[in-house]
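Work through the exercises below with the coordinates open. Each solution goes step by step.

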Amino acid sequence: MNSTNQKNLRRLFLNKKWRESLISRSIVSQNFKLKEEWDSRLSAPVFKKINMGEFFFALDKKFTQENRGSAIDVDIFANNVSSDSQAEHMEELLYKLRRTPHTVHTPASTHHAAVRAMLDHGDSQNLVKMLDDRMNYGIFLDEYSSVLALDELLERGEVKAATRCASQLMLQEESFPLPSALGNLACWRYITTGREDPWFYPDEIPVDKNPDEVIRVKVKVVPNDYNDHHFDLRDPDRILGKTLIHFNADGTDTVSRSLNVLGNHLYGDEAEVVRLVGEGEVAEAVLQKIGETDSEPLKTGINSAKSADVDIEKVLLERVSKLEASLSNDLMTRQKKFYSIWISDREEELNRQYEKMQRAARIEAISQTKADLAKTEEKLFFFDNLDRYEMEKEEKVRAWRRTLPRTDWNIASYPMKAYYKKTLAADGERKVARWEKREQKKGPAK
C-alpha cells in the first residue's frame with residue numbers, strides 16, 4: 001500500500017461520522033462518554049441565540065482592540081464548538097484569554113469543553129500542543145477528561161499523542177487509578193512500536209535559519225542555569241521514563257516493577273535500575289530492551305535478574321478492564337453532577353454580569369442626570385449667584401497670574417550687566433548677531 005492510500009485511509013478513519021458508524025468497541029465502554037448528558041448543556045437559552053462567527057469576531061475585538069475579555073464568554077464559545085474552524089477559533093481565544101487577568105476566573109467546564117472539542121472536531125496535534133504549553137493555554141486534564149482523551153487517542157491508533165497526554169498526568173503529579181492504567185498502556189504501546197514516530201511534532205522543533213550567525217541580546221538579568229528535572233524536561237527519553245516511574249512507583253507486581261525498571265532506565269538512573277532488578281522478577285521483554293547497554297554494573301544486574309515470561313500488553317488491558325468495571329460508575333455519576341453544577345454556575349455568572357452591566361448603566365444615567373440638573377440650576381439662578389461668580393473669577397485670575405514667570409528683576413539695567421554684554425571678536429569688534437546675518441542675507445525689503 002503506497003503512502004497516498006495510507007493517508008486517505010487515515011483521513012477516513014479520523015472522520016468522526018464514519019468512525020462512529022463502525023461496529024467497534026473502545027477500551028472503555030461507549031456509555032462512559034456520556035454523550036447525551038454532555039449534549040444537554042446546549043438546551044440552555046444562551047447557546048440557542050449565539051451566532052458563532054459573529055461571537056468570535058466580537059470576542060476577538062475585545063481581546064485585541066479593547067484589551068479586555070471575559071472568561072465566561074470563552075467558556076460559552078468552547079462549550080458550543082461544532083466544527084473544525086470553530087475549534088481553531090477556540091484555541092486562539094484561549095491563547096488570548098491567558099494573557100488577561102480574567103484567566104484566573106476560567107471555570108472547570110472550559111478545560112473539559114476544550115478537550116472534548118479538540119477530540120471531536122480538532123486535531124490531536126493541537127490538543128497535545130495546548131496541554132503541553134500550559135503557560136499560553138492553561139488547559140489541564142482532570143480524572144474524567146484524561147480517560148476520555150487517552151481512550152479516544154488509543155482507539156484511533158495515535159499512540160504518540162496518547163503517551164504525551166499521559167505525560168501531562170505525570171507533570172501534574174496526578175495518580176488517578178484508571179488514567180494511570182491507560183497511561184501505562186499508552187507508554188508501553190509507544191515503546192513497543194519502535195518509537196518510529198518522533199516525540200515532538202515538526203513545528204515544535206525550532207529551526208535556526210542562520211546557524212552560523214551569532215546573535216547577542218542585551219538583558220538586564222542573566223537567568224540561572226537551573227533545571228528542576230520536572231517541568232524543564234525536554235528530553236523525550238527522560239519524559240517517558242519519568243512518566244513510567246510515576247505510574248508504577250508504588251506497584252509491587254511483576255508488570256509494575258518491570259515498567260518501573262524500564263522507566264528508570266530511560267530516565268538514566270542506573271543505580272535504581274540495578275536495585276529494582278535485584279528485588280524480584282522482571283518481564284523478559286523489558287530485560288531485552290534495557291540489555292543493550294555499555295554499563296558494566298547494569299549488565300551485571302541484568303544477567304543476575306530473574307526473568308518472567310509476561311505479556312505486558314495483555315496484563316495492562318486486563319488491569320484497565322478491571323478498573324473500569326469498578327470505577328466507571330462512580331466517575332460517570334460524579335461527572336453528571338459536574339455537568340449540572342457547571343450549567344447552574346454558568347447561568348449564575350451570566351446573571352451576575354448582566355446585573356453588573358445594568359447597575360453600571362444606572363449609575364452612568366444618574367451621573368448624567370445630575371450633571372444636566374447642575375447645568376440647568378446654573379442657568380436658572382445665574383443672577384442670584386453673580387457676586388459669587390465674580391469672586392471665583394478673581395480668585396482664578398490670581399491663581400493664573402501666579403503661574404507666570406517672575407518679573408521683579410531690573411529690566412532697565414539688563415543691557416548694562418557684564419554678564420549679558422556681547423563678547424568681542426578677536427579683532428576687537430563686536431560679533432554680528434545671528435538675526436543680523438539673516439537680515440543681511442535677505443537683503444532690503446522689496
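**Exercise 1.** How many disulfides does the structure hold? Then classify C165 and C187 as buried or exposed.

*Solution.* The model is predicted. The search for disulfides gives 0. The test for a pair is two cysteine sulfur atoms within 2.5 Å. Next, take the two cysteines. C165 has a relative accessible area of 1%, so C165 is buried. C187 comes out at 0%, so C187 is buried.

**Exercise 2.** Which residues gather with D311 in a patch of negative charge, and where does D311 lie?

*Solution.* Start with the patch. Now place D311. The residue lies in a loop, with β2 (306-308) on one side and α19 (312-380) on the other. Last, check accessibility.

**Exercise 3.** Which residues form a nonpolar patch on the surface with I215? Is I215 buried or exposed?

*Solution.* The patch holds I215, V217, V219 and V222. Together they have about 440 Å² of accessible area. I215 lies in the loop between α13 (177-192) and α14 (236-248). Its relative accessibility is 64%, and the cut-off for exposed is over 50%, so I215 is exposed.

**Exercise 4.** Locate R319, and state how far apart R319 and L182 are in sequence and in space.

*Solution.* R319 is in helix α19. At 22% relative accessibility, R319 counts as partly exposed. Along the sequence, R319 and L182 are 137 residues apart. In space, their C-alpha atoms are 9.0 Å apart.

Technical notes. Residues numbered from 1 in each chain as written. Predicted model: local features only at pLDDT ≥ 70, side-chain atom pairs only at ≥ 80, totals over all residues. Heavy atoms only, no water. Helix = DSSP H or I, 4+ residues; strand = E, 2+ residues; numbered from the N terminus. Buried < 20%, exposed > 50% of the residue type's maximum accessible area, 1.4 Å probe, protein only. Patch = residues over 30% accessible without salt bridge, like charges linked within 9 Å, V, L, I, M, F, W, Y side chains within 5 Å. Areas by Shrake-Rupley, 256 points an atom, 1.4 Å probe, with all protein chains shown as cover. Salt bridge = Lys/Arg side-chain N within 4 Å of Asp/Glu carboxyl O.
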